[in-house]
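Work through the exercises below with the sequence and the 3D structure open. Try each task before reading its solution.

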Amino acid sequence: SSSSSSSSSTQIRYIDAGANLLDSMYQGTYHSKPRHEPDLDIVLRRAYDKGVHTVISLAGTIKESEELIELIHDLDDNSDSRQEEEEGGE
């Protein structure tokens, strides 16, 4: 039991320093063809579960920067809602 608590406190934390969160593949589109449902939230959750705790995402234009900020706010809102559901609606 003590070994599990010590291993969780020393878990390596990673930074993704080049995430292209606006890539259409996260919306399920590959080579301009729809392939699956949007899954960015699933991809980010999987990364977090594997130790990625910081994501740095860049944009190439002002318009992309605005889209990225909106996406981050949406993801943050969804994360807050999911956390409330997991805690029993508190």
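The exercises below concern a predicted model, and each task is followed by a worked solution.

**Exercise 1. The fold in outline**

Task: State how many helices and strands the chain has, and in what pattern they follow along the sequence.

Solution: 
- Step 1. Count the elements: the chain contains three helices and four strands.
- Step 2. Read along the sequence: the pattern is α-β-β-β-α-β-α.
- Step 3. Strand β1 covers residues 14–19, strand β4 covers residues 52–57, and helix α3 covers residues 62–86.
- Step 4. Residues 24 or more positions apart account for 61% of them.

**Exercise 2. Surface and interior**

Task: Find what share of the residues is buried, and which residues make up the largest nonpolar core.

Solution: 
- Step 1. The chain has 90 residues, and 13% of them are buried.
- Step 2. The accessible surface of the chain is about 7200 Å², and carbon and sulfur atoms hold 50% of this surface.
- Step 3. The largest nonpolar core has seven residues: A19, L21, Y26, L40, V43, L68 and L71. Helices α2 (40–49) and α3 each contribute at least two residues to this core.
- Step 4. Take L40 as one of the core residues. Not counting residues up to four places away in sequence, L40 touches L21, Y26, L71 and L75.
- Step 5. Turn to the surface. A nonpolar patch there is formed by I15, I56 and L58, which together have about 310 Å² of accessible area. I15 belongs to strand β1 and counts as exposed because its relative accessibility is 55%, and the cut-off for exposed is over 50%.

**Exercise 3. Salt bridges**

Task: Which residues form salt bridges, and how far apart are the closest N and O atoms?

Solution: 
- Step 1. Apply the cut-off, a side-chain nitrogen of Lys or Arg within 4 Å of a carboxyl oxygen of Asp or Glu. The count comes to two salt bridges.
- Step 2. D49 and R45 are separated by about one helical turn because they are four residues apart in helix α2.
- Step 3. In the other, E67 pairs with K63 at 2.7 Å between the closest N and O atoms. E67 and K63 are also four residues apart, in helix α3, about one turn of the helix.
- Step 4. Check the exposure of each partner. D49 is partly exposed at 49%, and R45 is partly exposed at 38%. E67 is partly exposed at 33%, whereas K63 is exposed at 56%.
- Step 5. Compare sequence and space for E67. E67 and L21 are 46 residues apart in sequence, and their C-alpha atoms are 9.9 Å apart.

**Exercise 4. A serine in a strand**

Task: Is S57 buried or exposed, and which residues is S57 in contact with?

Solution: 
- Step 1. Locate S57 in strand β4.
- Step 2. S57 has a relative accessible area of 18%. Buried means under 20%, so S57 is buried.
- Step 3. Leaving aside neighbours within four places in sequence, S57 is in contact with A19, N20, L21 and L68.
- Step 4. Look at A19 in detail. Its backbone oxygen lies 2.6 Å from a polar atom of the S57 side chain.

**Exercise 5. Loops**

Task: Describe H31 and S32 in the loop between β2 and β3, then D39 in the loop between β3 and α2.

Solution: 
- Step 1. β2 covers residues 29–30, and β3 covers residues 33–34.
- Step 2. H31 is not a glycine, although its phi is positive, about 50°. S32 is not a glycine either, and its phi is positive, about 65°.
- Step 3. H31 is exposed at 77% relative accessible area, and S32 is exposed at 74%.
- Step 4. Leaving aside neighbours within four places in sequence, D39 is in contact with M25 and Y26. D39 and Y26 are 13 residues apart along the chain, and their C-alpha atoms are separated by 5.5 Å.

Methods. Residues are numbered from 1 along each chain as its sequence is written. This is a predicted model: local features need pLDDT of at least 70, side-chain atom pairs count only at pLDDT 80 or more; totals for chains, interfaces and linings use all residues. Side-chain values use heavy atoms; hydrogens and water are left out. Patches are made of residues with over 30% relative accessible area and no salt bridge: like charges are joined within 9 Å, nonpolar side chains (Val, Leu, Ile, Met, Phe, Trp, Tyr) within 5 Å. Accessible areas come from the Shrake-Rupley method with a 1.4 Å probe; for residues, only the protein chains shown count as cover. Buried means under 20% relative accessible area, exposed over 50%, partly exposed in between (1.4 Å probe, protein chains only). A nonpolar core is a set of buried Ala, Val, Leu, Ile, Met, Phe, Trp, Tyr and Cys residues joined through side-chain atoms within 4.5 Å. Contact means heavy atoms within 4.5 Å. A polar contact is a pair of N or O atoms within 3.5 Å; within protein, one must be able to donate a hydrogen and the other to accept it, and residues adjacent in sequence count only if both atoms are side-chain atoms.
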